Amino acid sequence: MLEKRRKKNGERGGDNEEFDFDGEGDGDISGQMWAQSLSRSLEEHALRRYAVSSSVPNVGLSNNSWIDDGPNYGDKSRGGKSQASSSSDDKVKLLSNGLLPLEREGKGLLLKDSGPNMRVDAVRSLGGNILVGVSDTDEEREELPNGNFIPAHNEMTCGATDPTRRHGSDSASQDSFAQSFRNETENYIQDQKQGANACEPKTSIALPEFDTCSVGIMGNDFAGNTVEPLSASIHETLNVEEEEVRKMIRECLDMRETYVYKEQVAPWEKSSDAENSSGINGDPFQFHPLEATEHHFRMEDGIVHVYASKNDTVELFPVASATTFFTDMHQLLKIISAGNTRSACYHRLRFLEEKFRLHLLVNADREFLAQKSAPHRDFYNIRKVDTHVHHSACMNHKHLLRFIKSKLRKEPDEVVIFRDGQYLTLQEVFESLDLTGYDLNVDLLDVHADKSTFHRFDKFNLKYNPCGQSRLREIFLKQDNLIQGRFLAEVTKEVLSDLEASKYQMAEYRISIYGRKQSEWDQLASWFINNKIYSANAVWLIQLPRLYNVYKKMGTVTSFQNILDNMFIPLFEVTVDPASHPQLHAFLMQVVGFDLVDDESKPERRPTKHMPKPAEWTNEFNPAYSYYAYYCYANLYTLNKLRELKGLPTIKLRPHCGEAGDIDHLAAGFLLCHNISHGINLRKSPVLQYLYYLAQIGLCMSPLSNNSLFLDYHKNPFLMFFQRGLNVSLSTDDPLQIHLTKEPLVEEYSVAAKVCICYGSMSCFLLWIIFMSLLVDVLQVWKLSSCDLCEIARNSVYQSGFLHAAKLHWLGDKYFMRGPEGNDIHKTNVPRMRIAFRHETWKEEMQYVYSGNARIPEEIDF
């Protein structure tokens, strides 16, 4: 092949075309210098005109002024549209995602794509050795006997062989590379004169013009530079299919905007007098009377309709009908199952993941130095919120054991239960179980989840029964019992006291309303007020167990409409006239969310567009998850509109979703919810995962809980979601069943940061647990850095329902602003560089989806 090229060059350029690079003549030396200078000029020309890397879609080269001089994301000089030209190089344009990667060589940097991995080669000079700055690739090269390598196929340039790719000490190898480069250079110049194409893809793809954007890498010292997202620009459509995908993604995002409830006036725009007038900042146990209004409401077809007065017929707060919702949900399910949409979203998600890894590769040290420069703050003294924890399991099993023993020792004669026609004291209850206080231990208590609970939600729920006895659960873990929940109130106040002692840990506890009768609300409110349960470190959510089929078999309800009446009519009554339920009014000041709970893995039928109305749902089958979700959403939407009108705090829909079961649950959650708990099934749907990323829906994830029920820890997608930029936080879920230490939230973070996977005896497993509890460094699997943990903690505060005043104190005075402007490293310990990267990457994706026409608000969604 080389001989043919030499003959061809000889025909073109005559005898002077042959050069002997091993010779000592002046002509040889000048020829070599000519080749080097020509190579440098070509490289500089290509770098100047096509500052492009093919390793990542839509990547440009720029300077690093954003780190030193502050963010300048709107600088349009960083990415410009390539001008048309008659030269062959001008026919090479940026390739969008999914097309063949191109390769561009700069004077000091060479980036190549190798499948899902990336390789960055820093070229020192022509004829010098190649310094590999970054290498994370599976490319295989054949090694020659002299120590050189034959380049892999995808390392070859398009139309020309780079002589600086491999240089060894062997002169023959140098001759071949130098001669090849010389001949190819002459061919290139000849082709320029003839107007021929010097480089074209192997597949016949029409390449349109694109703007360079997304990421800038510049400079000869790669380790000291920063990968930064550039300002968004409009990308021309490659083909009809890509535009169809973007249009469908936009349709899904716009659909969500029509459903999710948003307050008309953001909390940071309200005056402090408005909060004081509603009683938020006053005594939490004091009823602050508010004037009743003339609003009239009535339940129709499972949804409460509100009118200005009893005689009015115009509905004040209309909400989308059930038929409309199920039609939209089916359209969403159709979009997420389309092959082209799945492929495109998977590609974008992989791009986001690799982009974050590249960011860490370049900027991890700078982030660490920025954290060091922030005085006082570290992971332990920044605010962290346990965004998902069930109240009945808020203590660990050792805490519960100590409490039971203390009550058995101090109050053995307290009458605690009515069973089998007689009242029993606490001592008599334990005697009937043939137990004494001395016999009790953690193993006998048997409330900790083990391998027997995996994929057995029924057995997991039985772990709420101490010693396997439901009567002990009724005595110690219920608030509607013979002693009016006094024991549960006392242990709750002990947990709240521990929470306050930690100072920087907060929690959102979820407590149940079952919907069996309307008086449940007043009973729960009186339990809170009478026992004075309150902490500045805790807020509360109401959870509705999806147990209609159980109540139907018991004869407690006759239709699904009964559950909706019992759940929402008292809430509308107390909102219209707070004096009608004074304790409930005071309790609702601490309630920030509404949850749906139960085993999601139970099989269910997908709802049709025309479902039976709640009053018509009289069969013994449990309604589907999305059926529950819609009717809870519709009533909460109307309730929140009314409460906002009266200056009262609102209640957001934040259900369990995506822990198991069908993908329908996540589709309904995307349309209706502010944030969700778990969401691990998003790993099965790249389209929904991408939609959750674009909408920045909060995911309150609990990897240790999932490890006991549905998904092994090392398979948990938490790390992948975090790297891709989803809005994730860590939570404990059930400390009673899962955790061992006094600070379960810190335990959750420590295990996530440093995990040791043991495959051995039970003693090894117990030793591993002890090490994790004591925060001993072991084999790192996820390798979360301090910056990562602080970012996750910051996300948890944003996802929580704490008051605006609290978030101002915890996050900074401008926490509601998007991007680095809303971050205060002296409060969050998260470097500005990390927030800027996350924000600009998200803006880039939004501009990509909306073809450059996305409207990016300056403030966060609330």
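This is a predicted model: local features need pLDDT of at least 70, side-chain atom pairs count only at pLDDT 80 or more; totals for chains, interfaces and linings use all residues.
Strand 11 (residues 384–390) runs parallel to strand 14 and is joined to it by 5 bridges, with valine 385 standing opposite methionine 506 of strand 14. Strand 15 runs parallel to strand 14 too, and here 6 bridges join the two. In this pairing, isoleucine 511 stands opposite isoleucine 542 of strand 15. To get from strand 14 to strand 15, the chain passes through helix 15, making a right-handed β-α-β crossover.

Aromatic rings come next, and the model contains 37 aromatic pairs. One of them joins phenylalanine 528 and tryptophan 540, whose ring centres are 4.6 Å apart; their planes meet at 85°, so the pair is edge-to-face. Phenylalanine 528 belongs to helix 15 (residues 520–530) and tryptophan 540 to strand 15 (residues 538–545), so this pair ties together parts that are 12 residues apart in sequence. Both phenylalanine 528 and tryptophan 540 are buried. A further pair is formed by tyrosine 630 and tyrosine 633, with ring centres 6.5 Å apart and planes at 45°, so this pair is tilted. These two tyrosines, tyrosine 630 and tyrosine 633, sit 3 residues apart in helix 19 (residues 625–645), about one turn of the helix, and both are buried.

The charged end of arginine 256 sits over the ring of phenylalanine 670, at 5.8 Å from the ring centre. Likewise, the charged end of lysine 384 sits over the ring of phenylalanine 379, at 4.8 Å from the ring centre.

The last topic is salt bridges. Side chains of opposite charge can pair when their charged atoms come close. The model has 31 salt bridges. In one of these, arginine 246 meets glutamate 242 with an N to O distance of 3.1 Å. Both residues lie in helix 5 (residues 240–259), 4 residues apart, about one turn of the helix. Arginine 246 counts as buried because its relative accessibility is 2%, and glutamate 242 counts as buried at 12%.

Another salt bridge links lysine 742 with aspartate 498, the closest N and O atoms being 3.8 Å apart. Lysine 742 lies in the loop between helix 24 (735–738) and helix 25 (744–753), while aspartate 498 lies in helix 14 (residues 486–502), so the pair ties together parts that are 244 residues apart in sequence. Lysine 742 is exposed, with a relative accessible area of 62%, whereas aspartate 498 is partly exposed at 28%.

Helix 30 (residues 832–849) holds glutamate 840 and lysine 843, which are 3 residues apart and so separated by about one helical turn. Their salt bridge has its closest N and O atoms 3.4 Å apart. Glutamate 840 is buried at 2% relative accessibility, while lysine 843 is partly exposed at 23%. Finally, salt bridges can link up into a network, as they do for Arg350, Glu353, Glu354, Arg357 and Arg724.

How values were computed: Residues are numbered from 1 along each chain as its sequence is written. Side-chain values use heavy atoms; hydrogens and water are left out. Rings of Phe, Tyr and Trp (its six-membered ring) pair if their centres lie within 6.5 Å; planes under 30 degrees apart count as stacked, over 60 as edge-to-face and the rest as tilted. Buried means under 20% relative accessible area, exposed over 50%, partly exposed in between (1.4 Å probe, protein chains only). A charge sits over a ring if NZ of Lys or CZ of Arg is within 6 Å of the ring centre and within 35 degrees of the ring normal. Two strands pair if DSSP finds at least two bridges between them. A crossover is right-handed if, with the strands pointing away from the viewer, the path from the first strand over the helix to the second runs clockwise. A salt bridge is a side-chain nitrogen of Lys or Arg within 4 Å of a carboxyl oxygen of Asp or Glu.
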